Amino acid sequence: MDIIFIDALRASTLIGIYPREKAMPQTIEISLQIGTSTASAGASDDIGDTIDYATVAERLRSELAARHFNLLERLAEYVATLLLEDFGATWVRVSIAKLGMMSGVQRVGVVIERGAAS
Ligand SMILES: Nc1nc2c(c(=O)[nH]1)N=C([C@H](O)[C@@H](O)CO)CN2
(Lines give C-alpha, C1' and ligand atoms only; values in the text may rest on other atoms or scores of the structure.)
Protein backbone atom coordinates (compact mmCIF):
# COMPACT_ATOMS: atom_id res chain seq x y z
CA MET A 1 0.00 0.00 0.00
CA ASP A 2 1.20 3.49 -0.83
CA ILE A 3 0.37 6.64 1.12
CA ILE A 4 -0.59 10.15 0.09
CA PHE A 5 -0.34 12.50 3.04
CA ILE A 6 -1.44 15.93 4.12
CA ASP A 7 0.29 17.31 7.18
CA ALA A 8 -1.10 19.93 9.55
CA LEU A 9 -3.87 21.28 7.34
CA ARG A 10 -5.64 24.08 9.19
CA ALA A 11 -9.41 24.36 8.88
CA SER A 12 -12.11 26.31 10.62
CA THR A 13 -15.11 24.51 12.13
CA LEU A 14 -17.61 24.45 14.97
CA ILE A 15 -16.29 21.73 17.26
CA GLY A 16 -16.81 21.12 20.94
CA ILE A 17 -19.20 20.37 23.75
CA TYR A 18 -19.41 23.83 25.29
CA PRO A 19 -21.84 26.58 24.21
CA ARG A 20 -19.03 28.93 23.21
CA GLU A 21 -17.54 26.18 21.01
CA LYS A 22 -20.93 25.68 19.33
CA ALA A 23 -21.17 29.40 18.56
CA MET A 24 -17.63 30.31 17.57
CA PRO A 25 -15.66 28.44 14.88
CA GLN A 26 -12.16 27.39 15.88
CA THR A 27 -9.12 26.39 13.91
CA ILE A 28 -8.20 22.74 14.00
CA GLU A 29 -5.21 20.97 12.56
CA ILE A 30 -5.76 17.84 10.46
CA SER A 31 -3.11 15.39 9.35
CA LEU A 32 -4.02 12.61 6.98
CA GLN A 33 -2.36 9.49 5.72
CA ILE A 34 -4.38 8.16 2.81
CA GLY A 35 -3.70 4.59 1.76
CA THR A 36 -4.05 3.95 -1.95
CA SER A 37 -2.02 2.54 -4.81
CA THR A 38 0.00 5.24 -6.54
CA ALA A 39 1.29 2.77 -9.14
CA SER A 40 -1.07 3.90 -11.96
CA ALA A 41 -0.23 7.58 -11.51
CA GLY A 42 3.43 6.66 -11.11
CA ALA A 43 3.25 5.08 -14.57
CA SER A 44 0.90 7.51 -16.36
CA ASP A 45 1.92 10.81 -14.74
CA ASP A 46 -1.81 11.72 -14.83
CA ILE A 47 -3.59 13.41 -11.89
CA GLY A 48 -6.77 11.55 -12.89
CA ASP A 49 -5.14 8.28 -11.82
CA THR A 50 -4.60 9.24 -8.20
CA ILE A 51 -6.20 10.96 -5.20
CA ASP A 52 -5.61 14.68 -5.69
CA TYR A 53 -4.51 16.02 -2.27
CA ALA A 54 -5.50 19.55 -3.30
CA THR A 55 -9.07 18.37 -3.97
CA VAL A 56 -9.11 16.55 -0.61
CA ALA A 57 -7.97 19.68 1.24
CA GLU A 58 -10.51 21.90 -0.52
CA ARG A 59 -13.36 19.42 0.10
CA LEU A 60 -12.50 19.08 3.78
CA ARG A 61 -12.34 22.82 4.33
CA SER A 62 -15.73 23.37 2.70
CA GLU A 63 -17.39 20.42 4.50
CA LEU A 64 -16.06 21.42 7.90
CA ALA A 65 -17.01 25.07 7.47
CA ALA A 66 -20.65 23.93 7.25
CA ARG A 67 -20.82 21.51 10.20
CA HIS A 68 -20.79 21.18 13.95
CA PHE A 69 -19.60 18.15 15.87
CA ASN A 70 -19.43 17.80 19.63
CA LEU A 71 -16.42 15.50 19.75
CA LEU A 72 -13.16 15.21 17.87
CA GLU A 73 -13.88 11.48 17.75
CA ARG A 74 -17.04 12.09 15.67
CA LEU A 75 -15.27 14.57 13.41
CA ALA A 76 -12.44 12.09 12.81
CA GLU A 77 -14.98 9.38 11.86
CA TYR A 78 -16.64 11.80 9.44
CA VAL A 79 -13.33 12.60 7.74
CA ALA A 80 -12.30 8.93 7.58
CA THR A 81 -15.62 7.92 6.00
CA LEU A 82 -15.39 10.72 3.44
CA LEU A 83 -11.91 9.59 2.37
CA LEU A 84 -12.89 5.91 2.14
CA GLU A 85 -16.25 6.39 0.43
CA ASP A 86 -15.84 9.51 -1.72
CA PHE A 87 -12.13 9.35 -2.58
CA GLY A 88 -11.71 5.58 -2.76
CA ALA A 89 -8.96 5.30 -0.15
CA THR A 90 -8.40 1.76 1.08
CA TRP A 91 -7.04 2.78 4.49
CA VAL A 92 -6.74 6.06 6.35
CA ARG A 93 -5.08 7.47 9.44
CA VAL A 94 -6.80 10.66 10.54
CA SER A 95 -5.26 12.90 13.20
CA ILE A 96 -7.19 15.91 14.42
CA ALA A 97 -5.91 18.40 16.98
CA LYS A 98 -7.28 21.41 18.77
CA LEU A 99 -4.71 24.09 19.39
CA GLY A 100 -4.07 25.82 22.71
CA MET A 101 -7.24 24.47 24.37
CA MET A 102 -5.71 23.94 27.78
CA SER A 103 -3.19 25.94 29.67
CA GLY A 104 0.26 24.39 29.45
CA VAL A 105 -0.76 22.09 26.57
CA GLN A 106 0.07 22.85 22.94
CA ARG A 107 -2.32 20.44 21.23
CA VAL A 108 -4.96 17.86 22.17
CA GLY A 109 -6.59 15.45 19.77
CA VAL A 110 -7.40 12.03 18.41
CA VAL A 111 -5.85 9.66 15.90
CA ILE A 112 -7.94 6.96 14.24
CA GLU A 113 -7.25 4.38 11.56
CA ARG A 114 -10.00 2.95 9.36
CA GLY A 115 -10.11 0.62 6.39
CA ALA A 116 -7.73 -2.18 5.51
CA ALA A 117 -3.99 -1.63 5.26
CA SER A 118 -2.54 -3.98 2.68
N1 LIG B 1 -11.86 12.75 24.10
C2 LIG B 1 -12.33 14.03 24.02
N3 LIG B 1 -12.30 14.80 25.11
C4 LIG B 1 -12.79 16.06 25.04
C5 LIG B 1 -13.29 16.58 23.84
C6 LIG B 1 -13.28 15.73 22.70
O7 LIG B 1 -13.69 16.11 21.57
N8 LIG B 1 -12.80 14.47 22.83
N9 LIG B 1 -13.75 17.86 23.79
C10 LIG B 1 -13.76 18.65 24.85
C11 LIG B 1 -14.18 20.05 24.76
O12 LIG B 1 -14.94 20.35 23.64
C13 LIG B 1 -12.85 20.80 24.84
O14 LIG B 1 -12.35 21.07 23.57
C15 LIG B 1 -12.86 21.98 25.71
O16 LIG B 1 -11.60 22.12 26.29
C17 LIG B 1 -13.28 18.19 26.17
N18 LIG B 1 -12.79 16.84 26.15
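The shell around the ligand divides into five nonpolar residues, one polar and three charged, where Ala, Val, Leu, Ile, Met, Phe, Trp, Tyr, Cys and Pro count as nonpolar, Asp, Glu, Lys and Arg as charged, and the others, Gly among them, as polar. Its members are Gly16, Ile17, Tyr18, Glu21, Leu71, Leu72, Glu73, Lys98 and Met101; a residue belongs here if its C-beta atom, placed from the backbone, lies within 6 Å of the ligand. The model is predicted, with local features needing pLDDT of at least 70 and side-chain atom pairs pLDDT 80 or more, while totals for chains, interfaces and linings use all residues. Residues are numbered from 1 along each chain as its sequence is written.

Turning to the strands, E1 (residues 2-15) runs antiparallel to E2 (residues 26-36), and ten bridges join them. Strands (E, at least two residues) and helices (H or I, at least four) are DSSP runs numbered from the N terminus, and two strands pair if DSSP finds at least two bridges between them. E2 also pairs with E4 (residues 91-99), again in the antiparallel sense, over eight bridges.

On the helical side, Leu82 is found in H4 (residues 72-86). Leu82 counts as partly exposed because it has 17 C-beta neighbours inside 10 Å, between the limits of 20 or more for buried and 12 or fewer for exposed, with C-beta atoms placed from the backbone. Phe69 lies 13 residues from Leu82 in sequence, and their C-alpha atoms are 15 Å apart.
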